[in-house]
Amino acid sequence: MKSTNYDKHPEVPIQGYDKQAWQGWKMLLPVLNTRLSDASKTVLVIDCYPGVRLNELEQALRTQFADSCLINSEAARKNEEALHRLLARNLTDDRVFGVLSCHQLAEFFDPQTLAALRQQVKDASGLVIVYGPGAALVHDGDVLVYADLPRWEIQQRMRSGELGNWGVDNHDEDILRRYKRAFFIEWRVFDRHKTPLLRRADFLLDTTVADNPKMVSGDALRAGLAQTVQRPFRVVPFFDPGVWGGQWMKNQFDLDPSKPNYAWCFDCVPEENSLLLRFGDVRIEIPSLNAVLLHPRELLGEKVHARFGAEFPIRFDFLDTIGGQNLSFQVHPLTEYIQQQFGMHYTQDESYYILEAEPGAVVYLGTQTGTEPQAMLDNLHQAALGQCAFDDVRFVNQIPAHKHDHFLIPAGTVHCSGSGTMVLEISATPYIFTFKLWDWGRLGMDGLPRPVHLEHGAKVIDWQRETSWVHEHLVNHIEPIGEGDGWREERTGLHEREFIETRRHWFTKPVTHHTGGGVNVLNLVAGDEARVESPTGAFAPFVVHYAETFIVPAGVGEYRITPWGKGVGQQLATVKAWVRG
């Protein structure tokens with residue numbers, strides 16, 4: 001039966017700012033004009049995230065402000081060759097993996113040309129408009145607008161061939177290499193640049209939809225984000241096909257039936273997802289990361305913020321192989337390896353919570369007892385060369401998977417989900433760091449061989465994670481915590497090497513939770529509906545449906561989850577994750 005209640009476009013209603021958001025160029029440009037001074041000179045700065053359609057922006061500005069002096073900040077950007085010299089160490093020669101950038105945006109601009117643009121602004125009179133990525137480096141702005149868009153939209157523009165990387169003519173380059181450059185460099189640099197701008201911007205421009213921009217005042221935006229981190233909320237899920245993808249999500253969530261499958265759903269990955277803020281009649285879409293960047297302490301809590309900075313360390317996503325194929329056989333890097341090789345300060349520990357499973361479904365987890373490391377690595381190398389298929393039966397444990405099983409996967413453990421499973425993956429956030437060891441001889445959906453990283457993988461496999469150890473430590477390691485009238489609580493993970501704690505609550509009556517001073521992430525893994533409410537009325541009640549992930553900010557403190565609607569009379573369950581101290 002389809003879960004048509006699954007909300008693919010969850011909104012956060014913002015109170016008190018209904019008249020401070022506008023939609024369409026014809027509405028928002030006159031509003032912007034009213035903020036411009038009648039003085040002999042006014043500088044309007046529109047700084048932009050890379051990926052904003054500058055041609056559309058420039059055309060709208062020329063139409064509304066025909067007599068203004070327009071200056072594109074990109075005129076001062078270093079050329080492609082200079083950028084390559086600057087970034088070569090971070091880009092590497094690998095298709096997938098680079099090294100995280102610590103650059104500041106000013107390094108991407110030629111100092112002399114930037115100084116010339118600043119002098120041009122100084123010498124001009126009337127209305128001067130500086131626009132483009134890094135525009136605030138030219139002038140602080142008498143009026144400042146920040147033009148933003150989510151990373152998922154940037155990826156769609158890359159895939160369509162519309163967008164290359166910033167400062168590079170590479171629209172036709174391998175999408176993995178373009179994504180790598182954005183992930184390791186551009187997004188890091190521009191997030192650092194935009195954070196202080198968002199704190200003082202007069203307006204934010206939502207450029208997600210072509211020719212249909214939306215704008216919200218800076219005061220309303222900041223108030224909206226402040227309200228968001230004081231209540232439970234959901235980010236916007238996105239779904240993506242894959243070579244191994246299945247059919248469960250397509251049917252369960254009423255997705256586009258024309259797609260061949262859906263492999264992934266990123267249901268709670270604030271680095272990538274959008275956040276929809278409702279201001280009266282206008283819905284503003286922004287990167288959900290903006291809430292992390294501007295309110296890390298309120299959202300994450302003091303201890304989590306102290307440990308991770310302005311990063312959201314927990315990820316919930318779905319992996320669908322029901323009616324599909326095995327995931328790639330893989331391993332994640334150990335902490336010291338990811339630090340030394342890629343500049344990340346924590347690694348991708350994870351777990352598989354089984355939402356649904358077909359008869360005969362398995363999870364591949366750990367090596368078979370007695371496995372000789374070199375024999376397995378030799379077999380993987382031969383498989384990568386096409387000389388044979390990897391002998392998974394000989395080398396890897398295949399463990400039966402059933403609904404509500406929980407498999408823990410600390411970094412260094414070889415693993416993958418087999419066909420016939422619907423996995424809720426609970427993990428640390430640096431999800432790009434997956435070393436594929438074997439991909440079952442497949443090509444990707446782009447027709448190219450999928451990258452295999454045996455050289456990296458061989459250096460991080462923990463060979464002690466063999467059959468008996470895996471069953472003792474990683475398979476359904478469930479401990480009763482407590483029970484009461486209509487509820488019981490169980491600890492389901494994670495392993496002692498992992499920083500995320502998970503609990504499962506079964507309930508038919510209200511259950512009281514507490515954030516404990518840290519952010520909580522939950523998913524309703526059983527039952528149709530539940531309501532999240534404040535015992536003190538501190539936030540408006542929030543209804544969640546089966547398989548929906550939601551965030552409870554650290555500052556919420558006590559909250560209660562109650563059977564609701566179709567969920568009344570059902571056996572419900574939530575899985576909750578947080579960063580343990």
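The model is predicted, so local features need pLDDT of at least 70, side-chain atom pairs count only at pLDDT 80 or more, and totals for chains, interfaces and linings use all residues. Residues are numbered from 1 along each chain as its sequence is written, and side-chain values use heavy atoms, leaving out hydrogens and water.

**Nonpolar cores**
- A nonpolar core is a set of buried Ala, Val, Leu, Ile, Met, Phe, Trp, Tyr and Cys residues joined through side-chain atoms within 4.5 Å.
- Buried means under 20% relative accessible area, exposed over 50%, and partly exposed in between (1.4 Å probe, protein chains only).
- The largest nonpolar core holds 173 residues. Ile-46, Met-249, Phe-312, Phe-318 and Phe-329 touch the most other members.
- Helix α6 gives this core its largest share, 10 residues. Helices here are DSSP runs (H or I, at least four residues), numbered from the N terminus.
- A second, separate core has 15 residues, including Leu-524 and Phe-542.
- In soluble globular proteins, nonpolar side chains tend to be buried together.

**Phe-329**
- Contact means heavy atoms within 4.5 Å.
- Beyond its neighbours within four places in sequence, Phe-329 is in contact with residues including Met-376, Phe-390, Trp-438 and Trp-440.

**Glu-80**
- Glu-80 sits in helix α3 (residues 80-91).
- Glu-80 counts as partly exposed because its relative accessibility is 40%.
- Not counting residues up to four places away in sequence, Glu-80 touches Gly-167, Val-168 and Asp-169.
- A polar atom of the Glu-80 side chain lies 3.3 Å from the backbone nitrogen of Asp-169.

Key. Helices (H or I, at least four residues) and strands (E, at least two) are DSSP runs, numbered from the N terminus. A polar contact is a pair of N or O atoms within 3.5 Å; within protein, one must be able to donate a hydrogen and the other to accept it, and residues adjacent in sequence count only if both atoms are side-chain atoms.
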